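Welcome! Let's take a friendly walk through one protein model, starting with its inside and ending with its ligand.

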Amino acid sequence: MAAVELEAVTKRFDNFVAVDNIDLEISDGEFFSLLGPSGCGKTTTLRMIAGFEFPTAGRLSIGGREIGLDPPNKRPVNTVFQNYALFPHMNVLENVMFGLLMQKVPKDQARDAAAKAINSVKLEALLNRKPNQLSGGQQQRVALARALVNEPKVLLLDEPLGALDLKLRQEMQSELKSLHSEVGITFVYVTHDQEEALTMSDRIGVMSEGKLLQVDDPTRIYEHPAKRFVADFIGEINLIEGSVDSSGTVRLGDEVIACASPAPSGSQSVTIALRPESIDLTVENERIGGAMNQIPGIVARRTYFGDSHSYDIETSGGTLSIRRDNRPLNTIFDPGQPVTVSWHPDASNLLED
Ligand SMILES: Nc1ncnc2c1ncn2[C@@H]1O[C@H](COP(=O)(O)OP(=O)(O)OP(=O)(O)O)[C@@H](O)[C@H]1O
Ligand SMILES: [Mg+2]
């Protein structure tokens, strides 16, 4: 069953369309991320699921039930905000118990539930600390415990690690991931950090200007982006123009190449997307085995990155950027040197604009 379902959901603020006709089904227990640049509508989508905003059009269901205009506290969801929103005068235990006490849950019962939530985020040693006596990462855990305490079916997380430095952020990413498998509830996670989305999610929805452009698992999003925006937003990529003849043969400059999918019928040109690390370089006329695309080129530029070199290679179809690991026996190529550029057909994706 779908934990969360959006059907043709649109949100307008006056004349501005913040969320544009989104269809989305998030499965029970899934770690789902909404990824996109600032202002693309991620928070607005999350706030509609939470009940802080209502769709201008479309339908929203949680746990198979259409929720209409139910307020946030009548929905089986809870939200973790970026700024934690902890009460400064309450200690950890009181912060986590607060919501339950407001719902008139008996004190003993609230205390037990809070202790359980606090254990799940490994804060049992710090029950009596106030927020200003905690590190950023510990405050984040209190915010998590507080959202988990009334056992929501869906946890909504809006850039929850945004305020943490890189090291702590990576630590919390892996903790969040294990927490997700422990508690077994659905996570809807908002981030503009592509690496965070790729490493943590079961599936990712990429958004731009209010539209949901592609929903797929991380491997497919990275290796088979369907649209130019998705390809360009996530990681580095070569976007090159190819030509298509009447029989559907794709050419890059003078060279016929094979791609992951056939060119759209009737098109005369296509955008080919090719990741720098999926391209191989060998010396001129040295061919690699297998059904590879192999074209000649000339090294135009080499840049040292410590763990790798990046090369710009000029081909008859344009310049390709190539990334190669610095393993001990890897050949280093020099500017001006003729080379053979190779890649597997599956690595060249044809994009819709
Ligand atoms: N209450 C509001 N009134 C008018 N416009 C709004 C309102 N809330 C959001 N917007 C606009 O809707 C668009 C989407 O905002 P949203 O907060 O959903 O973006 P976001 O993807 O979460 O961005 P960020 O990564 O910066 O948090 C923005 O252009 C924003 O200015
Ligand atoms: Mg936001």
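## The nonpolar core

A nonpolar core is a set of buried Ala, Val, Leu, Ile, Met, Phe, Trp, Tyr and Cys residues joined through C-beta atoms within 7 Å. Buried means that 20 or more other C-beta atoms, placed from the backbone, lie within 10 Å of a residue's own. This is a predicted model, in which local features need pLDDT of at least 70, side-chain atom pairs count only at 80 or more, and totals for chains, interfaces and linings use all residues. Residues are numbered from 1 along each chain as written, while chains are lettered from A and ligands numbered from 1 in the order written.

The largest core has 85 residues, and Val96, Ile118, Ala145, Val154, Leu155 and Val188 touch the most other members. Helix α4 (residues 136–148) supplies the largest share, six residues; helices here are DSSP runs (H or I, at least four residues) and strands too (E, at least two), numbered from the N terminus.

## Two domains

An automatic or database assignment sets the domain bounds: domain 1 covers 2–232 and domain 2 covers 236–351. Their centres, taken over C-alpha atoms, are 40 Å apart. Six residues of domain 1 are in contact with seven of domain 2, where contact means C-beta atoms, placed from the backbone, within 7 Å.

## Around ligand 1

Which residues surround ligand 1? They are Phe13, Phe16, Ala18, Gly36, Ser38, Gly39, Cys40, Gly41, Lys42, Thr43, Thr44 and His192, each with its C-beta atom, placed from the backbone, within 6 Å of the ligand. In this shell, α1 gives the most, with three residues.

How values were computed: Two residues are in contact if their C-beta atoms, placed from the backbone, lie within 7 Å. A residue is buried if 20 or more other C-beta atoms lie within 10 Å of its own, exposed if 12 or fewer, and partly exposed in between; C-beta atoms are placed from the backbone.
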